[in-house]
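Hello,

Here is the structure we talked about. Please look through it first; my notes follow below.

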Amino acid sequence: MNRRARVLLIENESQLREILRDVLTVWGYDVDVAPSGLNGLRLFEEGRHDLVLTDFLMPGMTGFEVGEALRESDPGARMIVIAGSLDREIDRTPGHGFTLLKKPFEMRDLKLAMGRCLRMFAKGSA
């Protein structure tokens with residue numbers, strides 16, 4: 001029996017967080033949400049997530065900093081970072097170790113990126 005992939009969504013903008021949570025749920029993912037990087041790290045420590053989807057620019061902690069902290073606790077953590085076109089800092093970070101999705105993006109682009117990150121789940125749920 002295949003289990004549903006579990007996604008941790010870290011997004012400080014409540015409206016986008018709700019939209020993404022709803023879309024991911026419709027796509028068949030189990031979704032945990034966090035409004036900040038720090039809250040996201042706490043949730044990540046509490047449960048097994050197959051993928052982390054995080055915004056890049058957030059108050060207190062960037063998506064890059066979230067990624068570094070995740071890698072310390074789980075070197076194999078899979079992550080997609082959503083970055084706006086003004087987030088130039090992220091482009092200067094070679095070998096960042098995550099999938100980058102630039103705003104604005106189409107939902108199909110997110111779905112494809114998630115499928116690539118979660119190959120084992122791509123046939124069933126993604």
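How many bridges join β1 to β2? There are five, and the two strands run parallel. Within this pair, I10 stands opposite A34 of β2. Keep in mind that this is a predicted model.

Now the helix that belongs with these strands. Together, β1, α1 and β2 form a β-α-β unit, and that unit is right-handed. Helix α1 covers residues 14-26, which is 13 residues. From its first C-alpha to its last it reaches 18 Å, close to the 18 Å expected at 1.5 Å a residue.

Which residues of α1 are buried? They are R17, L20 and L24. Viewed down the axis of α1, these buried residues fall within an arc of 70 degrees, so they line one face of the helix. The general rule behind such a pattern is that an α-helix has 3.6 residues a turn, so residues three or four places apart point the same way.

On the face turned away from the buried side, α1 carries the exposed residues Q15 and V26. Just after α1 comes G28, with a positive phi of about 100 degrees.

One loop residue is also worth a look. D50 sits in the loop between α2 (37-46) and β3. Is D50 buried or exposed? D50 is buried: its relative accessible area is 2%, and the cut-off for buried is under 20%. The side chain of D50 reaches the backbone nitrogen of R6 at 2.7 Å.

Regards

Definitions and conventions
Residues are numbered from 1 along each chain as its sequence is written. This is a predicted model: local features need pLDDT of at least 70, side-chain atom pairs count only at pLDDT 80 or more; totals for chains, interfaces and linings use all residues. Side-chain values use heavy atoms; hydrogens and water are left out. Helices (H or I, at least four residues) and strands (E, at least two) are DSSP runs, numbered from the N terminus. The expected span of a helix is 1.5 Å times one less than its number of residues. Buried means under 20% relative accessible area, exposed over 50%, partly exposed in between (1.4 Å probe, protein chains only). The arc is that of the directions from the helix axis to the C-beta atoms. A polar contact is a pair of N or O atoms within 3.5 Å; within protein, one must be able to donate a hydrogen and the other to accept it, and residues adjacent in sequence count only if both atoms are side-chain atoms. Two strands pair if DSSP finds at least two bridges between them. A crossover is right-handed if, with the strands pointing away from the viewer, the path from the first strand over the helix to the second runs clockwise.
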